[in-house]
Structure formats: structure tokens, C-alpha cells
Amino acid sequence: MTTTLHIIPTVATDATVAETLDLASIVRVSASDERAVAVAEMFRRDAAAWAARDLEGAGVADEAAGDVRFELRGEGGSGPLSPSSREALGEHEIAITPSGIRVSSDHEEGLSRGAASVVQLLAGSETAIGARVIRDGAAWGWRALSLDVVRFFSPVERVLQVIDLLALYKFSVLHLHLSDNEGWRLEIPGWPRLTPATAGTREYFTIEEYRRIVEYAARRFITVVPEIDLPGHAAAALRAYPELNPADAANLGGPFPIANLSPDSEAAWRLVDDVVRTLVENTPGPFVHIGGDEAFGMDAAAHESFVEHAIAAVAAHSKSTVGWQETSRAAVGPDHTAQYWVDFDIDAPRDESAAGSKSGSDIPEDSMAAMVAHFAEAMGDRSRILEKGTHVVVSPISHAYLDRPHAEASTDPAQEEQRSRVGLQYYPGTPVRDYLEWDPTTVLAGVDPSRIRGVEAAIWCESVTAASDIDALLLPRLPAVAEVAWAGSRRSDWEGFRSRIAHHALLWDASGWEWFEVDSVDWRRSWVRG
Ligand code: TNX
């Protein structure tokens with residue numbers, strides 16, 4: 001019998017009584033009423049996918065029926081709540097008794113978060129667990145992953161798999177990075193050259209496909225926040241429509257081109273309007289991400305006017321904006337959310353020995369100068385965010401960027417080639433532990449804690465050449481960020497996390513994730529069911 005549960009993120013209250021539940025005795029799933037049936041059915045699907053358990057559905061049934069039962073106490077409401085609302089904290093109770101498991105909440109979102117805990121329990125190596133009552137809920141409503149579908153395109157089915165993974169770890173937001181220098185991944189009516197027809201597989205989402213992603217995520221109580229990155233990072237747009245900035249369009253070679261929209265281009269302003277309209281019309285969630293980062297070499301006033309224009313266009317549709325921290329340079333207020341990411345000091349002396357094998361030598365001189373100036377300016381974003389009172393999502397490069405090379409070797413020698421290649425070589429090798437041991441409330445010194453919407457991990461795909469490379473960067477790191485985002489100050493220490501994550505190999509193996517087997521964890525690869 002096990003007293004410590006291997007659930008990640010750590011569950012809040014864990015009052016044990018001296019009785020046990022035999023996990024093999026669980027066969028049927030039921031719901032208290034019609035509204036909870038959708039969660040119960042999703043749970044059955046997940047138990048099959050992650051835990052290889054085929055459970056019977058008992059539908060809506062009385063108290064006695066169902067070894068796992070979902071009970072809606074309040075008025076409920078289907079679909080995800082705004083990540084800025086209290087209910088998005090997913091509060092729920094899980095009562096484990098010798099006769100079964102009862103998950104209850106005031107809202108379907110809470111039921112669904114509880115279901116994720118039960119799925120994890122079913123997939124572990126324990127045969128019996130101690131009876132207890134778990135009362136759980138998140139520290140922050142915004143628990144996100146930003147997925148770069150530009151540098152490496154993840155088609156719809158693959159994005160849906162990532163959504164399943166996010167739901168397993170109680171994430172509430174999927175931020176889709178839909179445009180960048182390398183490409184444009186969402187069709188925009190009136191701008192066909194942004195998403196050209198290619199031979200073979202199509203590498204962009206039609207509006208219909210985008211809506212499918214949004215709806216699928218909603219059934220898992222995950223809000224999609226779409227991002228089109230402007231006015232910088234615009235090389236793909238400039239290649240398709242040079243009139244957006246003829247000067248920059250004429251010089252787009254190299255890995256870090258200077259590629260910004262021109263304020264003198266009438267088409268550029270029209271593009272921003274059309275993009276915003278497309279995003280708001282197809283996104284039921286309350287947030288649209290307007291990008292705004294790294295407009296290298298761009299005139300500051302022009303950058304500010306583009307950001308302000310985009311914010312006004314989103315607000316006109318009664319939605320709120322999120323933007324990278326650089327958007328704090330424009331006239332922004334408390335309704336805006338700044339995503340804080342630059343947590344290094346460009347002027348601080350660097351430990352070159354800790355850096356990856358490649359330095360910045362492949363970056364052309366003029367781009368490099370513009371980048372250095374940009375990051376020096378970024379040092380002022382913190383005080384701008386505090387002064388303007390915007391909300392904040394914290395995504396520090398040091399602890400929330402998943403595209404850093406693995407510091408640990410793999411227990412599987414065949415993965416060492418992948419380790420040498422995957423993750424941006426500008427970053428030092430980073431151990432899983434670094435994704436766990438940080439405090440979102442101290443990333444932005446001086447910020448009022450009530451302004452923090454939550455935590456966002458980001459996976460950028462410059463170094464990715466196959467879906468399995470994404471698997472290897474997400475796992476086992478993403479659950480560590482989930483621990484920080486959900487459990488907040490209750491988060492587990494490394495030893496506790498290490499012993500619990502070991503069981504999760506069973507879930508990932510069952511569902512075909514090609515995770516990276518860091519040798520800092522004693523992975524459990526097989527188990528005997530009672
Ligand atoms: C900076 S993070 C970027 C991305 C890169 C990333 C690599 C941010 C707002 N901009 O375009 O992919 O670094 O880690």
C-alpha cells in the first residue's frame with residue numbers, strides 16, 4: 001500500500017485514513033447528472049490512452065454505481081472559464097474510499113482537473129492506495145504552454161496530442177505562435193500569399209482547422225490564445241508582400257534578418273487589422289496575443305504605434321491583449337497582459353564556459369548590433385510593466401523555455417545524438433531540476449502578486465527536425481513547469497518530484513510519447529497489476 005501518491009502537480013490536501021482502495025477493483029465510471037457525463041466520458045478515453053485501462057461507462061447513475069464517479073455540485077458550465085477567473089483554478093475534491101473514487105466540483109472545469117489526477121493514479125505502479133480526501137486547486141488561472149508551430153510545423157492531429165498532454169498536467173492555456181520569420185501558419189482572408197500552396201503536405205492551418213483545435217481544447221478546458229507576431233519577426237510576410245516594408249524586404253538573408261512592418265506602408269496597417277479580425281472572429285476565448293517582441297532596429301515610436309493599433313483593434317472586439325514584454329513600451333494599461341521573458345542581463349559578464357558549443361558567430365554584424373541594443377532596452381521593461389500596472393504572465397528564459405539543450409545524459413545511449421542536436425545551442429545545458437526550482441512571484445521583482453496571471457512555458461522549434469524532438473524537449477520538463485504553475489508555493493522539492501515523475505514513464509510509454517530519459521531519475525518502466 002502506498003501513502004505517497006505520484007500525482008503531478010502535487011495535490012493540495014492529502015488526509016489519509018487507515019483503509020485502502022484496490023485499484024484493480026475499479027471498472028465502472030459514472031456521473032451525477034447529464035452535465036458531468038462529458039467529463040466522465042473524457043476520463044474513460046484518457047484512462048485507456050494513458051493507463052491502458054478499459055473502464056465501463058455507467059452513464060448517469062445513483063450513488064452506488066460507478067467505481068469512479070463525477071459529481072457536479074454547483075451550476076456548472078461547459079467550456080473553459082477565462083484563465084483570469086477564479087473558477088479557472090479548477091478547485092475540486094477527490095474522495096478515495098475502499099469502495100471507489102468520487103470527484104466533485106462546482107464546475108466541469110474542476111471535475112476535469114480532478115479526472116487528470118485519477119488517470120495518473122490508475123497508471124502508476126501501485127496496486128492499492130490509502131483512502132483519503134484530496135482538496136485541490138491551482139495557484140494561478142494561467143497555466144500555459146506556448147507552442148511554436150512556425151519553425152517546425154505541427155499539424156492538427158499533433159496539436160491535439162499536445163492538448164491531451166497539457167490536460168494531463170492541468171494546464172489551462174495553449175498559446176499558439178502562428179507566424180514568424182520562417183513562415184505563416186494560419187490563413188488570413190485577403191492575404192493568400194502568406195500561406196502559399198506547397199507540393200506535398202500543407203504547412204498551415206485553414207480557419208476551419210484552427211477552429212477544430214480551439215474546440216478540442218475547449219472540451220479539455222483549455223483556452224487557446226492565438227499569436228500573430230508583428231511588427232517584428234515579419235520576414236515571411238515581407239517575402240510574400242514586399243510592400244509591407246520594401247527596404248527590409250530587399251535584405252532578408254541570414255538566420256536573424258531585420259524584418260519589421262513599415263509604418264509608412266498602408267498595407268502594413270491593413271494587415272494588422274485583417275489579422276486581428278481573423279483572430280477575434282475565430283477565437284471564443286477572451287485573449288489574443290499580439291506578439292510585439294524583438295522588432296530589432298525598428299524606430300521605437302513606430303513599434304509603439306503598431307502595438308497600440310493592434311491593442312485598439314482587439315479591444316474594439318471586446319477582447320483583451322497579451323503581448324511580449326516589449327509591448328510595455330507602448331501606451332498600455334491594466335487590461336493588457338505583458339509576457340515577461342528576458343530574465344538575463346545583456347550587460348552582465350557571461351560565463352562562456354557554461355554556454356553551448358555555438359556562440360553568436362553566425363549572426364551578421366548589423367543584426368547583432370540591433371539585437372544587443374534591443375536587449376539593453378529590454379532591461380527597462382520591468383519598471384514600465386510596474387508603472388503601467390499591466391497584468392503579467394511569467395515565462396523566464398532560464399526556467400520556462402523548454403528549447404534548451406538537456407544537461408543530463410539519457411539512460412538510453414541512442415538518445416545521445418538527439419541530445420547533442422536538440423535545444424538552441426546558445427543556451428547552456430539545462431537540467432530538469434531547473435524547471436522545478438523557481439518562484440514565479442520573484443521573477444519580476446516588485447510586482448504586485450495580484451497582477452500575476454500565471455506561468456507560461458515556451459517551446460521554440462529552431463532546433464527541431466522531427467516531432468520526436470518536441471517530445472524530448474517537453475518530457476520530462478513540462479510536468480515540472482506544471483508543478484510550479486499549479487502548486488505554487490506548495491510545490492514539491494526535487495527529491496519528491498523525482499520520485500513521483502519516475503512513475504510517469506508508464507503513462508508516456510502507454511501513449512507513445514518519445515520522451516527524453518534523463519539519467520537524473522530512476523524511471524519505472526514496467527509494473528505488475530494486482
Ligand atoms: C526569442 S521568446 C524569441 C523567439 C525565439 C526564442 C528562442 C521571444 C518572444 N522571441 O523568436 O524562438 O528566443 O529561444
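Start inside: the structure holds two cavities of 30 Å³ or more. A cavity here is a set of points on a 1 Å grid over the protein atoms alone where a 1.4 Å probe fits but cannot get out, and lining residues have an atom within 4 Å of a point. Grid points are joined across faces, edges and corners, with the volume being the space filled by probe spheres set on the points. The largest cavity comes to about 110 Å³.

Some ground rules before you click on. This is a predicted model, where local features need pLDDT of at least 70 and side-chain atom pairs count only at pLDDT 80 or more, while totals for chains, interfaces and linings use all residues. Residues are numbered from 1 along each chain as its sequence is written, and side-chain values use heavy atoms, with hydrogens and water left out.

**Stop 1: the cavity lining**

Go back to the largest cavity, of about 110 Å³. Select Ile228, Leu230, Val272, Ile290 and Ala310: of the 13 lining residues, these are the closest to its centre. Now colour strand E12 (223-230), helix H7 (266-282), strand E13 (287-291) and helix H8 (300-315), the elements that give two or more residues to the lining. Helices (H or I, at least four residues) and strands (E, at least two) are DSSP runs, numbered from the N terminus. Which element gives the most to this lining? That would be H7, with four residues.

By class, the lining has twelve nonpolar residues, one polar and no charged ones. For that count, Ala, Val, Leu, Ile, Met, Phe, Trp, Tyr, Cys and Pro are nonpolar, Asp, Glu, Lys and Arg are charged, and the others, Gly among them, are polar.

**Stop 2: the barrel**

Zoom out and show the strands. Eight of them close into a barrel, in the order E8-E9-E12-E13-E14-E15-E16-E17, with parallel pairing. Neighbouring strands of this sheet are turned by 25° against each other on average, direction ignored. Two strands pair if DSSP finds at least two bridges between them.

Pick out E12 and E13, which pair in the parallel sense over two bridges. Glu227 stands opposite His289 in E13.

Next, bring in the helices around here. H4 packs on the sheet, touching strand E9 (173-177) and E12, and its direction makes about 140° with that of E12. Contact means heavy atoms within 4.5 Å; axes are lines fitted to C-alpha atoms, for helices over the stretch in contact, and angles run from 0 to 180 degrees between N-to-C directions.

**Stop 3**

Select residues 452-459. This is E17, and eight of its eight residues are buried. Buried means under 20% relative accessible area, exposed over 50%, and partly exposed in between (1.4 Å probe, protein chains only).

Strand E8 (residues 142-148) runs parallel to E17, joined to it by six bridges; look for Ala144 opposite Glu456 in E17. Strand E16 (residues 391-394) also pairs with E17 in the parallel sense, over three bridges, and there Val392 stands opposite Ile452.

**Stop 4: helix H14**

Why is H14 (residues 467-474) largely enclosed by the rest of the structure? Because six of its eight residues are buried: Asp469, Ile470, Asp471, Ala472, Leu473 and Leu474. Show what covers them, which includes E8, helix H3 (156-168), helix H12 (416-421), E17 and helix H15 (477-487).

Carry on into the loop between H14 and H15, where you'll find Pro476. The peptide bond from Leu475 to Pro476 is cis, with omega near 10°.

**Stop 5**

Another cis bond joins Leu230 to Pro231, with omega near 0°. Pro231 is in the loop between E12 and helix H5 (235-240), while Leu230 is one of the residues you selected at the cavity.

Now try Lys170, in the loop between H3 and E9. Its phi is near 65°, a positive value in a residue other than glycine. Buried or exposed? Lys170 counts as buried, at 0% relative accessibility.

Glu294 sits in the loop between E13 and H8 and has a positive phi too, near 40°. At 14% relative accessibility, Glu294 counts as buried.

**Last stop: Ala197**

Finish with Ala197, in the loop between strand E11 (183-184) and helix H4 (207-219). Ala197 is exposed, with a relative accessible area of 77%. Draw a distance from its C-alpha atom to that of Ser395, 198 residues apart along the chain, and the separation is 34 Å.

Note on methods:
1 Å grid on protein atoms, 1.4 Å probe; cavity = no way out; pocket = protein on both sides within 12 Å on 5 of 7 lines; lining within 4 Å.
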